[in-house]
Amino acid sequence: MYSIMKVFLYRCRCSKLFWISIVAAFISGILFGLSTSGLSLGDKGSFDDMFIVPIFVIECIFLSLMIGREYSDGTIRNQLIAGKRRRDIFGANVGIAFFTTSIFVILFVIGFSVTAYGSTIRYLSLEVQMKALFSFLFVNYAWMAIFVCVSLLIPSREIGVLMNLVLIIVIMFSSYQLEHLLGQPEFMIQESVIEAVELTPEEIRQVHDGTFSGNYWYEVNSDETLTYYKDIMKEEEIPNPRALGAVTKSIVTHIDYFMPYGQVNMYVSFLTAYLYSPSPDHVVQEYQDVNTFPIYSVLLIIAVILSGSIFFEIP
């Protein structure tokens, strides 16, 4: 396995794609840092998950094309002919993917830190910064595991890239849908009309002055005069049919946390709430689930790599 990794690492080092990806990762970090102040809610800046997506796309394209080139150049076929075990080839590719992903993440974080320190980072405690960095690293490892396994199981470079890009879109869309479900309130406010009452002379004057607040309507009388009315509304709570039950909500929450993009969305919400809350410690307590995100990522990585290795063993 070590010899295979050395060859792959040498090919990466000699590849223009590798160096372009390094530069792109650094630039995407800079752009993300600029976005925290450019799209700010206030002096402390804000976070937008869409500006994190480019680093995932960079990893997707690099890993898909590099592994796809191993197929197109016949490298993997020659390694199998030379007696290399499939598990060693798979493990070597995963190991190099961990290494290159770490480089991309480090450069992304450096680029982000350079541009966001003055507007955002300095308002976050060191503990929160370390938690966010640790979770972000493992989220990228989770994406990496998906990209590597798909690329190794699909010999075609072009189809591998396309499939991984489609997976990014599917996972993002699924995460948004799950969070929409989780955000459904248990009850809904329904307004109903109790009765219509005639406006007072003072309210009619406000209607003509344009200062009347609320909805009104009028009827034309037989003598062509107007009678103005307003509706008296009643608000009542009714059960929301889209709201999830306690058990279902717990299951959907765990599924969302297993999705790499679900973790990104939750962390963006957590960091933004932390920046603007008058009691940051209360926010840390409220978002305690983010402390478990690396565990979800590790479990996902193990599941994806084990599944990929089993299918890759099949000739």
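Which helices are included in what covers the buried residues of H7? Among them are helix H3 (53-72), H6, helix H9 (246-258) and H10. The legends below treat H7 and other sites in turn.

This is a predicted model, in which local features need pLDDT of at least 70 and side-chain atom pairs count only at pLDDT 80 or more, while totals for chains, interfaces and linings use all residues. Residues are numbered from 1 along each chain as its sequence is written, and side-chain values use heavy atoms, with hydrogens and water left out.

View 1. Helix H7 spans residues 157-182; helices are DSSP runs (H or I, at least four residues), numbered from the N terminus. The 26 residues of H7 reach 37 Å from first C-alpha to last, close to the 38 Å expected at 1.5 Å a residue, where the expected span is 1.5 Å times one less than the number of residues. Buried residues of H7 include Gly 160, Asn 164, Met 172 and Leu 182; buried means under 20% relative accessible area, exposed over 50%, and partly exposed in between (1.4 Å probe, protein chains only).

View 2. H3 has 20 residues and covers 28 Å from its first C-alpha to its last, close to the 28 Å expected at 1.5 Å a residue. Of the 20 residues of H3, 14 are buried, so the helix is largely enclosed by the rest of the structure.

**View 3. The largest pocket.** A pocket is an open set of points on a 1 Å grid over the protein atoms alone, where a 1.4 Å probe fits, with protein on both sides within 12 Å along at least five of seven lines; lining residues have an atom within 4 Å of a point. The largest pocket holds about 460 Å³ of space. Helix H5 (86-116), helix H6 (126-153) and H10 are the elements that give two or more residues to its lining. H6 supplies the largest share, seven residues. There are 22 lining residues, and Phe 112, Ala 132, Leu 133, Phe 136 and Leu 271 lie nearest the centre of the pocket. The lining has 18 nonpolar, four polar and no charged residues.

**View 4. Thr 272 in helix H10.** Thr 272 belongs to H10 (residues 260-276). Thr 272 counts as buried at 17% relative accessibility. Its side chain reaches the backbone oxygen of Val 268 at 2.9 Å.

**View 5. Ser 15 between H1 and H2.** Ser 15 sits in the loop between helix H1 (2-13) and helix H2 (16-38). Ser 15 is buried, with a relative accessible area of 6%. Neighbours within four places in sequence aside, Ser 15 is in contact with Met 66 and Arg 69; contact means heavy atoms within 4.5 Å. Ser 15 and Met 66 are 51 residues apart in sequence, and their C-alpha atoms are 8.8 Å apart. The side chain of Ser 15 also reaches the backbone nitrogen of Leu 17 at 3.1 Å.

**View 6. Ser 297 in helix H12.** Ser 297 is part of H12 (residues 293-312) and counts as buried at 1% relative accessibility. Neighbours within four places in sequence aside, Ser 297 is in contact with Phe 138, Val 139 and Gln 263. Gln 263 is 34 residues away along the chain, with a C-alpha separation of 9.0 Å.

Definitions and conventions
Polar contact = N/O pair within 3.5 Å; in protein donor to acceptor, adjacent residues only side chain to side chain. Points joined across faces, edges and corners; volume = space filled by probe spheres on them. Nonpolar A, V, L, I, M, F, W, Y, C, P; charged D, E, K, R; others polar.
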